[in-house]
Amino acid sequence: QGRKIMLTHTESIILQSLLLNVGKMVRYDELANTVWGDTYPLASKALTVYVRRLRKKIEKDPSHPQAILNKTGVGYILKPVS
């Protein structure tokens with residue numbers, strides 16, 4: 001939309017991973033491993049928080065996301081821009 005947004009380091013890693021896989025499901029465990037490695041026991045809960053923050057920054061209505069979607073128990077998908 002032509003506007004700049006400020007991302008934390010973790011948010012940028014998550015968004016980059018989703019951007020590299022636009023239109024493809026990125027499993028929770030893959031995303032958590034990319035961000036924290038495989039040693040972070042609360043990764044799935046933390047991902048939920050970080051993705052919610054990302055949605056607030058990039059979605060028109062974060063409560064009804066259109067860009068970053070999730071499939072419960074599986075992962076997140078970044079929809080391609082049409």
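Predicted model: local features only at pLDDT ≥ 70, side-chain atom pairs only at ≥ 80, totals over all residues.
How many bridges join strand S1 to S3, and which way do the two strands run?

1. The chain has three helices and three strands. Their order along the sequence is α-β-α-α-β-β. The radius of gyration is 12 Å, close to the 12 Å that the globule rule gives for 82 residues, so the chain is as compact as a globular protein of that length. Along the principal axes, the C-alpha atoms fill a box of roughly 35 × 25 × 25 Å.

2. **The S1–S3 pairing.** Three bridges join S1 (residues 25-27) to S3, and the two strands run antiparallel. Arg 27 has Gly 75 as its bridge partner in S3. Arg 27 also takes part in salt bridges, to Asp 29 and to Glu 30; see point 8.

3. **The S2–S3 pairing.** S3 pairs with S2 (residues 68-71) as well, through four bridges. This pairing is antiparallel too. Leu 69 has Ile 77 as its bridge partner in S3. S2 and S3 form a hairpin with three residues between the strands. In this hairpin Gly 73 takes a positive phi near 80 degrees.

4. In S3, Gly 75 and Ile 77 point one way. Tyr 76 and Leu 78 point the other way. All four are buried.

5. **The nonpolar core.** Which residues have the most contacts inside the largest nonpolar core? They are Ile 14, Leu 18, Leu 31, Leu 47, Ile 68 and Tyr 76, in a core of 18 residues. The elements that give two or more residues to this core are H1, helix H2 (28-36), H3 and strand S3 (75-78). H3 gives the largest share, six residues. In soluble globular proteins, nonpolar side chains tend to be buried together.

6. Ile 14 is found in helix H1. Its relative accessible area is 0%, so Ile 14 counts as buried. Leaving out residues up to four places away in sequence, Ile 14 touches Leu 31, Val 35, Leu 47, Tyr 50, Val 51 and Leu 54. Pro 41 is another matter: Ile 14 and Pro 41 are 27 residues apart in sequence and 17 Å apart in space, C-alpha to C-alpha. With the same exclusion, Ile 68 touches Leu 18, Val 51, Leu 54, Arg 55, Ile 58, Glu 59, Tyr 76, Ile 77 and Leu 78.

7. The structure holds three salt bridges. One of them joins the side chains of Glu 11 and Lys 57, at 2.7 Å from N to O. Glu 11 lies in helix H1 (residues 9-19) and Lys 57 in helix H3 (residues 43-58), so the pair ties together parts that are 46 residues apart in sequence. Is Glu 11 buried or exposed? Glu 11 is buried, at 1% relative accessible area. Lys 57 is partly exposed, at 24%. Side chains of opposite charge can pair when their charged atoms come close.

8. Arg 27 meets Asp 29 in a salt bridge, with the closest N and O atoms 2.9 Å apart. Arg 27 also bridges to Glu 30, where the closest N and O atoms are 2.8 Å apart. Arg 27 is partly exposed, at 39% relative accessibility. Asp 29 is partly exposed at 45%, and Glu 30 is partly exposed at 34%. Shared partners join Arg 27, Asp 29 and Glu 30 into one network.

9. **Whole-chain figures.** Buried residues make up 32% of the 82 residues. Among contacts with a separation of 6 or more, 56% come from residues 24 or more positions apart. The accessible surface comes to about 5,800 Å². Carbon and sulfur atoms account for 54% of that surface.

Terms used:
Residues numbered from 1 in each chain as written. Heavy atoms only, no water. Salt bridge = Lys/Arg side-chain N within 4 Å of Asp/Glu carboxyl O. Buried < 20%, exposed > 50% of the residue type's maximum accessible area, 1.4 Å probe, protein only. Contact = heavy atoms within 4.5 Å. Core = buried A, V, L, I, M, F, W, Y, C linked by side-chain atoms within 4.5 Å. Pairing = 2+ DSSP bridges. Rg over C-alpha atoms; globule rule 2.2 N^0.38 Å. Areas by Shrake-Rupley, 256 points an atom, 1.4 Å probe, with all protein chains shown as cover.
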